[in-house]
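The following exercises ask the student to read a protein structure step by step. Each task is followed by a worked solution.

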Amino acid sequence: MFSVVFSLVLLAFSVTGSPVEVRNSPIIRMTGRLAFSNITALLRHDEARLAAFGEYSTHGRSEAYTRRPKVPLSQADLGSGFFGYTVKVDIGNPPTTYNLIVDTASAITWVGTGIPYLSRSGVDTGVPVAVDSRYGSFRGTIFEDQLSFEGVENLIISGMPIGVVSNTQGIAINVDGVLGIGPTSSSLGALPNSLRQTIPTIADFLRSRDYISRAVVGMFFQPTSQNGDNHGELSFGGTIPGIYDYVLYAAITTIAPSSQYWGINQRITYAGENILVKTAGVVDSGCTFLYLASDAYERYRAATGGILNPANGLLQISLQQYHQLADLEFHMSGRIYRLVPNAQIWPRSLNYNINGGLNDIFLIVKALETPTGAGKDFVLGYVFLQRFFTVFDGDKRRVGFARTTFTDVVVN
């Protein structure tokens with residue numbers, strides 16, 4: 001069991017070089033679920049996620065944006081595979097425990113897709129809410145209720161806005177809802193009666209009630225190398241001491257659609273050569289793979305010698321080509337974050353799940369449908385984030401990264 005860790009954490013220098021002091025950081029255990037029967041399930045999940053980032057529709061004269069996935073997920077797609085990190089959250093008094101997906105692209109915390117919401121302490125605000133996400137669509141009402149995290153002492157959050165599901169479509173995942181840690185702007189359009197109004201994230205709410213001093217969320221994963229449960233940690237108000245070197249930040253981009261999410265600008269090189277000029281993209285724990293604009297992907301494919309495997313849609317390389325792989329380098333905030341060769345390949349222990357042989361080697365870089373300049377030219381998914389410590393700073397609208405002990409480890 002984890003307890004709240006109250007520590008005085010001095011983050012290393014930000015983009016401007018000034019230190020940021022963060023106090024009173026509750027640390028919550030996450031459980032990673034990489035449990036799927038075939039590659040199609042993972043790819044369909046990612047396709048829906050990517051479509052949700054890029055698709056907007058306006059409603060009336062408000063000109064507010066609502067993301068709508070253009071790739072529908074069937075019950076079979078969702079039921080045959082699931083990837084994500086979850087936390088156990090107690091809601092209501094007396095509490096009911098819900099297993100919620102941690103979602104960096106949603107600002108809304110909602111429940112009711114699995115265990116029903118039957119709290120006697122919740123207050124029905126009467127405010128309708130509507131969300132379309134990678135996990136399906138839901139319609140419901142905003143309640144205000146008590147929330148706490150399983151295993152975290154001395155943190156009981158009163159009056160937290162929570163979406164309670166009354167109608168769903170396409171949701172077949174074995175979880176009870178979502179814990180939204182996306183930027184506040186990602187909730188635009190979710191309130192049908194107030195499309196320009198946003199919903200406070202859990203970090204926003206914690207700060208407004210003085211539980212924490214800053215709307216900052218820290219995230220840490222351990223690299224996945226097998227099916228089943230994997231360990232991760234989530235912190236509110238600060239960082240997770242002892243697992244990273246120092247954090248540098250990149251400001252949220254002004255380029256849409258990436259600007260509506262945890263979107264940043266960066267340049268990407270392979271073996272020192274540009275494959276993607278400085279441009280905008282999204283940091284997202286909900287996507288499994290690392291995605292590049294179609295032209296950047298082609299440059300990466302040519303440089304690595306990878307050949308598209310029709311059985312799983314991934315680039316395949318030989319053992320000799322693996323030994324010749326160079327680092328994939330991400331330039332942001334004056335620092336280079338490197339994916340070493342081992343971090344660029346799919347875990348071979350999971351090859352049987354993706355129609356591969358035991359000794360086959362597959363790369364984890366995939367192509368977006370659009371070339372550079374679309375406003376979403378890369379997506380740093382789980383395969384990237386598991387190698388670094390990530391900080392989502394809602395107050396200063398920026399994303400920070402740091403190296404961890406897992407950055408260069410050979411696990412795949």
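**Exercise 1: An aromatic pair**

Tyr85 has a relative accessibility of 4% and therefore counts as buried, where buried means under 20% relative accessible area, exposed over 50%, and partly exposed in between (1.4 Å probe, protein chains only). The model is a predicted one, in which local features need pLDDT of at least 70 and side-chain atom pairs count only at pLDDT 80 or more, while totals for chains, interfaces and linings use all residues. Residues are numbered from 1 along each chain as its sequence is written, and side-chain values use heavy atoms, with hydrogens and water left out.

Task. Determine how the rings of Tyr85 and Tyr382 are arranged, and which elements hold them.

Solution. 
- Step 1. Rings of Phe, Tyr and Trp (its six-membered ring) pair if their centres lie within 6.5 Å; planes under 30 degrees apart count as stacked, over 60 as edge-to-face and the rest as tilted. The structure holds 16 aromatic pairs.
- Step 2. For Tyr85 and Tyr382, the centres are 5.9 Å apart and the planes make an angle of 40°, which gives a tilted pair.
- Step 3. Helices (H or I, at least four residues) and strands (E, at least two) are DSSP runs, numbered from the N terminus. Because Tyr85 belongs to strand E6 (residues 81-91) and Tyr382 to helix H6 (residues 382-385), the pair ties together parts that are 297 residues apart in sequence.
- Step 4. Tyr382 has a relative accessible area of 3%, so this residue is buried.
- Step 5. Tyr244 and Phe389 form a stacked pair, because their ring centres are 4.9 Å apart and their planes lie at 10°. Tyr244 is in the loop between E14 and E15 and Phe389 is in strand E26, so this pair ties together parts that are 145 residues apart in sequence. Both Tyr244 and Phe389 are buried.

**Exercise 2: The nonpolar core**

Task. State which residues touch the most other members of the largest nonpolar core, and describe the surroundings of Phe149.

Solution. 
- Step 1. A nonpolar core is a set of buried Ala, Val, Leu, Ile, Met, Phe, Trp, Tyr and Cys residues joined through side-chain atoms within 4.5 Å. In soluble globular proteins, nonpolar side chains tend to be buried together.
- Step 2. The largest core has 94 residues, and Phe149 and Phe236 touch the most other members. Helix H1 (residues 39-54) supplies the largest share, five residues.
- Step 3. Contact means heavy atoms within 4.5 Å. Leaving aside residues up to four places away in sequence, Phe149 touches several residues, including Val87, Leu155, Leu179 and Phe236.
- Step 4. Phe236 lies in strand E14 (residues 228-236), and with a relative accessible area of 0% this residue is buried. Phe236 and Leu206 are 30 residues apart in sequence, while their C-alpha atoms are 8.3 Å apart in space.

**Exercise 3: Charged side chains**

Task. Identify the partners of Arg398 and of Arg403.

Solution. 
- Step 1. A salt bridge is a side-chain nitrogen of Lys or Arg within 4 Å of a carboxyl oxygen of Asp or Glu. The structure holds nine salt bridges.
- Step 2. Arg398 forms a salt bridge with Asp393, at 2.9 Å from N to O, and both residues are buried.
- Step 3. Arg403 bridges to Asp408, the closest N and O atoms being 2.7 Å apart. Asp408 is partly exposed at 36% relative accessible area, and Arg403 is partly exposed at 30%.
- Step 4. Through shared partners, salt bridges join Arg214, Asp393 and Arg398 into one network.
- Step 5. A charge sits over a ring if NZ of Lys or CZ of Arg is within 6 Å of the ring centre and within 35 degrees of the ring normal. The charged end of Arg398 sits over the ring of Tyr249, 3.7 Å from its centre.
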